[in-house]
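Colleague: Pick one part of this model and take me through it closely. Keep it plain, as I am new to this.

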Amino acid sequence: MLFNSFTYLLFFPLVCIFYFVLPHRMRWVFLLLTSYFFYMNWEPIYALLIGSSTVITYACAYFMDSLRVDRKRKTLLILCIVLNFGILFLFKYYNFITDSAFDLLTYLGLRVDFPKFSLLLPVGISFYTFQAVGYAVDVYKKRLPHEKHFGKYALFVSFFPQLVAGPIERATSLLPQFHKVIRFDYGRAIDGTKLIIWGYFMKVVVADRLSIYVDSVYNNPEMHSSISLVVATIFFAFQIYCDFGGYSSIAIGCAKILGFDLMTNFRRPYFAQTCGEFWHRWHISLSTWFKDYVYIPMGGSRVSTSRRYLNLMVAFLVSGLWHGANWTFVIWGGLNGLFQVLLIVFKLNAPKSAAKWATGLRILTTFVLINFTWIFFRANSLTDATVIIKRIATQSGSFFIGDNAGFIYSLLGISILLAKDLYDELNLNLPIAEHTYSKYLWYTSLTLMILLFGVFDGSEFIYFQF
Amino acid sequence: MIKYASHLLIGLILVVIADIAIGKALEYFYFNNESGLLHRTTYSIEETEADVLVFGSSRANHHYDTKLIEEQTNLSAYNTGRDGNFIFYQTAVLKSVLKRYTPKQIVLDFTGTFAFNQSDYDRLSSLLPYYRGHEEMRDVILLKSKFERFKLWSDIYPYNSLLTTIAVGNLEFNKRRENNVGAYNGYVPMHGTMQGSIETVKTDTMYDIDDNKARVFEEFLLLTKEHKVPLLVVYSPVNYTYASDYSIELCGRICAKHQIPFIDFSRSDDFVSKGDLFHDESHLNAAGAELFTEKIIQLIEDSVIDNR
């Protein structure tokens, strides 16, 4: 079920009403059932995969906690990781690895045929696998005891607001919330509703509108001039932010209304002054996951300088691969890792206070560098990415606008987004904006803009494919 | 919870009031358009009483010169073709037309595919402004989604993404611009010629048929039969070569089943490889349209005479 579908608009209010009407002891059952119902709207059979991941991690954590010998605990953890990532590998990476191996062997003059699997990628598999594995690691590291209640653990893995596209929650934060008695809270519900409206605006008005232009240009890069490709890349930067940020906002808002706190996933990323800061603002739940479960276990920054660089590169390359089974994502991750290394090598981290023009220049430079990485992220293939970069550098020509009205709505959407992000970034808190009437006006206007300018073709969220 | 519900209700009331006010204003300006594609759709659905009606997508819109048809046949003509809109749109428009009057000749320019394509359903949004006033179109419009009738509770929704198009359609400047490019009775000529050599294009191979599309296409044919309107189904020229096209084959088969003439110009030597007659590989320019319309006029004359 898509957040931006009419079905969800009926589903969520009904879930809320029943959830708060039910006694506390039955709520987890209800949420578990609705979460599986939510997921099974795509491909019912793939609910078995979530079920398997849940059972594997629960059993491993359960036995891990009861064992005292470290070696055995470690073996169990490895078994848990191998099984979970094995499923992920089979569905997401098998064909990519075998295709790449085939290409390499053919290049070396060898011909080896690998069996092919034509499996549909289960929606959100990378998200819930990481969340479940994170739990097993936390139990192994004794950050929390294993969850005794299997049903509530199953709910932790499948909680519908964040099941298919995050935020990737930590067991230490979300699991305890399923044990608390939750009462309806007016303030939280209002905050949640605001987040949902803003999330829909980001997705339907900005992201889906921009995608029309971006797809036209990126699907035929050899037909477009430098200026069109630059505009399409900038549009994509905002598209992916609004697509994924919008989803996160709706997810956090829905969970908030139900009484749960999910972690912030985006904090105005394009106001970052360095590429390092960007990753403290972009997909925060994933970047902190990689920091906690990949970078730090490898030694993090408490190792030799060269090893630290290696750790950073590995974390970002794996992060790239997490996004998709394609070399374009690996290069995207590699470039982001390289930027982090260069920041450290040249000591380019932003000073705490700086002149406004210097701050502006840093934000702009970071935006340009991040946009460069987006080319690889969005291009359909490595060949396309090289064509795009080459044409941006060399190909002058006419500017493709496409549908005039659509282009105007795109610019309008980006302007409103930037104005809101700027307002939040500067923490202005103007009294007039905080007034109840102003808030009514703002959220009513957002809703009307969704009706007026939204794209209602029920397009999927980009991050579902990851 | 009551406090939350009351705030939600106030917000909802504000949205409903604004939705009605803005929706009514958009409705007024939409139906007040005097030029542009929105006007052409409204005119096709609500006003035209032309003897010869052309149905189709952008290819129909740019290929059938209505002025030429009128001059050479002494029959009035209107081109209802609209960019990116295929059989669903065409059948819905036909239903409205036949409710008002019976044309003397209909030409359906077939383009598209009988395979499922979500965007064909999404494009039905171009008919949403007519949902309330045209009961006869509703069954087609509701193919868009099972929730469409609920979405249409909103007054703004039918005019989604149309604000600037509605505004431009109300400007005198747009009317003048259309006249300057030679638009006439729905027909909008394209200018410029296609450069370069022609390519062999990979066209449709066998696919699963979308039942809705096949049914609605047949409905179009049956409606014209029912109202005794002579119908010509045409596949207009393209400037590429292809091995075979399953969609064209299917169209031909369905037409044959209902004994409707189907004329395929996709391999016509008069057009293929003649870049000076094309704007791009799928669209004729004004010169191409003139030559093509001459051929259609001949067919219309034969058809009208045959059916007298």
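Modeller: Start with one pair of residues. I106(B) stands opposite L231(B), which belongs to strand β4 of chain B. This is a predicted model: local features need pLDDT of at least 70, side-chain atom pairs count only at pLDDT 80 or more, and totals for chains, interfaces and linings use all residues. Residues are numbered from 1 along each chain as its sequence is written, chains are lettered from A and ligands numbered from 1 in the order in which they are written, and side-chain values use heavy atoms, with hydrogens and water left out.

Now the strands themselves. β4(B) covers residues 231-235, and four bridges join it to β3(B). The two run parallel. Strands pair if DSSP finds at least two bridges between them. Strands (E, at least two residues) and helices (H or I, at least four) are DSSP runs, numbered from the N terminus.

β3(B) has another partner. Strand β1 of chain B, residues 52-55, is joined to β3(B) by four bridges. These two also run parallel. Here F55(B) has L108(B) of β3(B) as its bridge partner.

How covered is β3(B)? Strand β3 spans residues 105-109 of chain B, and five of its five residues are buried. Buried means under 20% relative accessible area, exposed means over 50%, and partly exposed lies in between (1.4 Å probe, protein chains only). In a regular strand, side chains alternate between the two faces of the sheet. On one side of β3(B) sit Q105(B), V107(B) and D109(B). On the other sit I106(B) and L108(B). Both faces are covered.

Next, a contact elsewhere in chain B. K99(B) and E136(B) meet in a salt bridge, at 3.2 Å from N to O. The pair links distant parts of the chain, 37 residues apart. K99(B) lies in helix α5, residues 87-100. E136(B) lies in the loop between α6 (118-122) and α7 (138-141). A salt bridge is a side-chain nitrogen of Lys or Arg within 4 Å of a carboxyl oxygen of Asp or Glu.

K99(B) is exposed, at 59% relative accessibility. E136(B) is buried, with a relative accessible area of 17%. Over all chains, a search of the whole structure finds 29 salt bridges.
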